[in-house]
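Please examine the sequence and the structure shown below before reading further. The paragraphs that follow begin with one pair of packed elements and then turn to the chain as a whole and to two of its residues.

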Amino acid sequence: MTRYFISAGIELQDGADLRETEAGLRDLALQTQTEPDCHLFEIRQNRKDPRKFTLWESWTDKKALEAHFEMPHTKAFLARNLTKVNYIEELSEIGALEAADA
């Protein structure tokens, strides 16, 4: 079964408190990891610029990720407006695209 993978880069919004954001991201990760179709949800902080973070995610499918954005914990974090998204990459397992084309 092919999973749906995401990598995303986010950073602190101007004026947001770094410690508050770190705590919020830790809480978001813990709650997201309990979602039934979440296989991996990790957030890492950039060593050279602690205002930047990278998310690694693996979901059962794209609909599972869409459902994640409807979860109360996700909506609550986003409503705090602590971070902004710099990029989102949709990823696949190596060779999965070639296998799908065959």
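In this predicted model, helix α1, which covers residues 18-32, packs with helix α3, which covers residues 72-79. Two packed helices are described by the angle between their axes and by the distance between those axes. Here the angle is about 165°, and the axes are 9 Å apart. An angle over 145 degrees counts as roughly antiparallel, and α1 is therefore roughly antiparallel to α3. The crossing in which α1 passes α3 is left-handed.

Which residues form this contact between α1 and α3? From α1 come G24, L25, L28, Q31 and T32, and they meet H73, T74 and F77 of α3.

The C-alpha trace of the chain spans about 50 × 30 × 15 Å along its principal axes. Among contacts in the chain with a separation of 6 or more, 69% are accounted for by residues 24 or more positions apart. The chain has 102 residues, and 35% of them count as buried. It exposes about 6800 Å², of which carbon and sulfur atoms supply 52%.

Two residues may now be considered individually. Is T21 buried or exposed? A residue counts as buried when its relative accessible area is under 20%. The value for T21 is 0%, and T21 is therefore buried. Setting aside neighbours within four places in sequence, T21 is in contact with L12, A16, F53, L82 and T83.

T83 is found in strand β4, which covers residues 83-91. With a relative accessible area of 15%, T83 is likewise under the 20% cut-off and is therefore buried. Which residues does T83 touch, not counting those up to four places away in sequence? They are I10, E11, L12, Q13, T21 and F77. Among them, F77 also takes part in the contact of α3 with α1, while L12 is also in contact with T21. Finally, T83 and K52 are 31 residues apart in sequence, and their C-alpha atoms are 9.0 Å apart in space.

Terms used
Residues numbered from 1 in each chain as written. Predicted model: local features only at pLDDT ≥ 70, side-chain atom pairs only at ≥ 80, totals over all residues. Heavy atoms only, no water. Axes fitted to C-alpha atoms, helices over the stretch in contact; angles between N-to-C directions. Helix = DSSP H or I, 4+ residues; strand = E, 2+ residues; numbered from the N terminus. Parallel < 35°, antiparallel > 145°, perpendicular 65-115°, else oblique. Left-handed = near helix turned anticlockwise from the far one by under 90°. Contact = heavy atoms within 4.5 Å. Buried < 20%, exposed > 50% of the residue type's maximum accessible area, 1.4 Å probe, protein only. Areas by Shrake-Rupley, 256 points an atom, 1.4 Å probe, with all protein chains shown as cover.
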